[in-house]
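Try each task before reading its solution.

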Amino acid sequence: MAIRRAMSGRIMDRTAVVGARYMSSWWRSVQPAPKDPILGVTEAFLADQSADKVNGAYRDDNGKPVVLECVREAERRIAGNLNMEYLPMGGSVKMVEETLKLAYGENSELIKEKRIAAVQALSGTGACRLFADFQKRFCPDSQIYIPVPTWANHHNIWRDAQVPQKTYHYYHPESKGLDFAAMIDDIKNAPNGSFFLLHACAHNPTGVDPSEEQWREISHHIKAKGHFAFFDMAYQGFASGDPEKDAKAIRIFLEDGHHIGIAQSYAKNMGLYGQRVGCLSVLCEDEKQAVAVKSQLQQLARPMYSNPPVHGALIVSTILSDPDLKKQWLKEVKVMADRIIGMRTALRGNLEKLGSPLSWQHITNQIGMFCYSGLTPEQVDRLTNEFHIYMTRNGRISMAGVTTGNVEYLANAIHEVTK
């Protein structure tokens, strides 16, 4: 009996040792993830104690974070008046309805005909990811064509959805403008029925947008090849100050009879960065198809996050459904856009005043939150290390963080590293 107990004890000891060894080795092979190229810049900026540091999310001209007055008023109306129950899987119906009007038009027949499958999403990122998973599930042999360059997270999104990626020409480094001829060639040469990711306005990171005539030609060739156009519209209203003007590319595609998809976000144009509120919509053949597509989008969302958050959706729906608040929002978003446009003019003017031998015309030719400066990674490193100026190493400057108080300092630093 004693021998059996001793043997049993030794077996249990060995089992415990083996179990402990397996448990301790589960995560041994995990290495630290590389820093996100955009969020890593923000982290470094926040850790910098210099009073001269420059980065940015949108700031007012005093360098302070901005909460729009229409947002404050919406929050006052919401406070204490609404419950915090779960939203449906598809999100706030009211918010989605108002969001579709911004993209497809206030009096869109497509909305009236109920041909659009749409759900609330976790801002633009969540909308893109939800669509990427939808593409993978229902077009498993398809691929996505992504512009060079693009917002870095686009590659992560479609990669993690296991959708094969190809690229198409977009930016022309020598002219610092659109490589239009090469872009059209890539559209023509892509296999029929390919998916193309397009930036609706204020292309990130370049700030280079096609003209209206170029959008019409892009639409023509995409339709001729039977491609599917998916628009990421993160900056509607924030680019030109006019949401209708910023939706022009989408309206052209709709006029031409495309069935498109759109990711929308309120991070920039309402300053709701941390609320993660957006929308994914897919234009369908008819109402019956739209019902089916929406049901599948909701089913994809269920294991991801179940249903979207309520507070940001309440803010958006309160603003857009009230004529006075919507009017105030349109005024405030124009102020933000005009301030950025003014900072572009000031930055270019200061660089030219310094006698820079380089052309800085592209600063004012580009539009939106970002300026694709043409600076090299080495020059960017010098700006950070010597002048406390933060940007991604591809030379993307966030014009939203430039103010009348720091634009001259920024110009002097850029002039110094480009001599």
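Two strands pair if DSSP finds at least two bridges between them; strands (E, at least two residues) and helices (H or I, at least four) are DSSP runs, numbered from the N terminus. This is a predicted model, in which local features need pLDDT of at least 70, side-chain atom pairs count only at pLDDT 80 or more, and totals for chains, interfaces and linings use all residues. Residues are numbered from 1 along each chain as its sequence is written, and side-chain values use heavy atoms, with hydrogens and water left out.

**Exercise 1.** Find the pairing partners of strand S9 (residues 278-283) and decide how covered S9 is.

*Solution.* 
1. Start with strand S8 (residues 261-265), which pairs with S9 in the antiparallel sense over five bridges. Here Ser265 has Gly278 as its bridge partner.
2. Strand S1 (residues 116-121) also runs antiparallel to S9, joined by six bridges. Val119 is partnered with Leu280.
3. Now check burial (under 20% relative accessible area, 1.4 Å probe, protein chains only): six of the six residues in S9 are buried. Gly278, Leu280 and Val282 point one way, Cys279, Ser281 and Leu283 the other.

**Exercise 2.** Describe how helix H4 (residues 93-104) packs on helix H13 (residues 311-321).

*Solution.* 
1. The axes, lines fitted to C-alpha atoms over the stretch in contact, lie 8 Å apart at an angle of about 55 degrees.
2. H4 and H13 are therefore oblique to each other, a class left over once angles under 35, over 145 and from 65 to 115 degrees are taken out.
3. For the contact (heavy atoms within 4.5 Å), Lys94, Met95, Glu98, Thr99 and Leu102 of H4 meet Ala313, Val316, Ser317, Leu320 and Ser321 of H13.

Methods. Buried < 20%, exposed > 50% of the residue type's maximum accessible area, 1.4 Å probe, protein only. Axes fitted to C-alpha atoms, helices over the stretch in contact; angles between N-to-C directions.
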